[in-house]
Amino acid sequence: MICAKCQGSNPDSNRFCEHCGATLERRCPQCGEAISPTAQFCGACGHGLSQDAAPSEPAPEEPTPAPSGERRQATVLFSDLSGFTAMTEKLDPEEVQGLMRRL
């Protein structure tokens, strides 16, 4: 294990650097996250840390960015007029439009 402070080489079993006394942190070789000394898989990316270990699940993909845009409130009014279809078949389109405007 390489010390982040002095770049000295240390056995993997060491918790402190033999050269400068700094705390040694294990880092995931795939993503670089700090990991505990007993971890067999990286908690951030799932990468196996021992020679014979393999991640149980593939590393998660990058999240899809949220669509950009603008949110607006809208009010929708629905009206069901009894007999409207039969009425429109008997009236001219202009008369139907005039009636609907009054309503």
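Where does L103 lie relative to α2 (93-102)? L103 lies in the segment after that helix. The close-ups below all come from a predicted model.

View 1. L103 has a relative accessible area of 70%, so it counts as exposed.

**View 2. The salt bridge between E70 and R72.** Search the whole structure and you get 1 salt bridge. Here it is: the closest N and O atoms of E70 and R72 are 3.0 Å apart. As background, side chains with opposite charges can pair when their charged atoms come close. Both partners sit out in the open: E70 is exposed because its relative accessibility is 61%, and R72 is exposed because its value is 69%.

View 3. A disulfide is a covalent bond between the sulfur atoms of two cysteines. The count for this model comes to 0 disulfides. C17 has a relative accessibility of 6%, so it counts as buried.

**View 4. C28 and C45, another look at cysteines.** C28 is in no disulfide either, and the nearest cysteine sulfur, on C45, is 3.7 Å away. With a relative accessibility of 4%, C28 counts as buried.

Note on methods. Residues are numbered from 1 along each chain as its sequence is written. This is a predicted model: local features need pLDDT of at least 70, side-chain atom pairs count only at pLDDT 80 or more; totals for chains, interfaces and linings use all residues. Side-chain values use heavy atoms; hydrogens and water are left out. Helices (H or I, at least four residues) and strands (E, at least two) are DSSP runs, numbered from the N terminus. Buried means under 20% relative accessible area, exposed over 50%, partly exposed in between (1.4 Å probe, protein chains only). A salt bridge is a side-chain nitrogen of Lys or Arg within 4 Å of a carboxyl oxygen of Asp or Glu. A disulfide is a pair of cysteine sulfur atoms within 2.5 Å.
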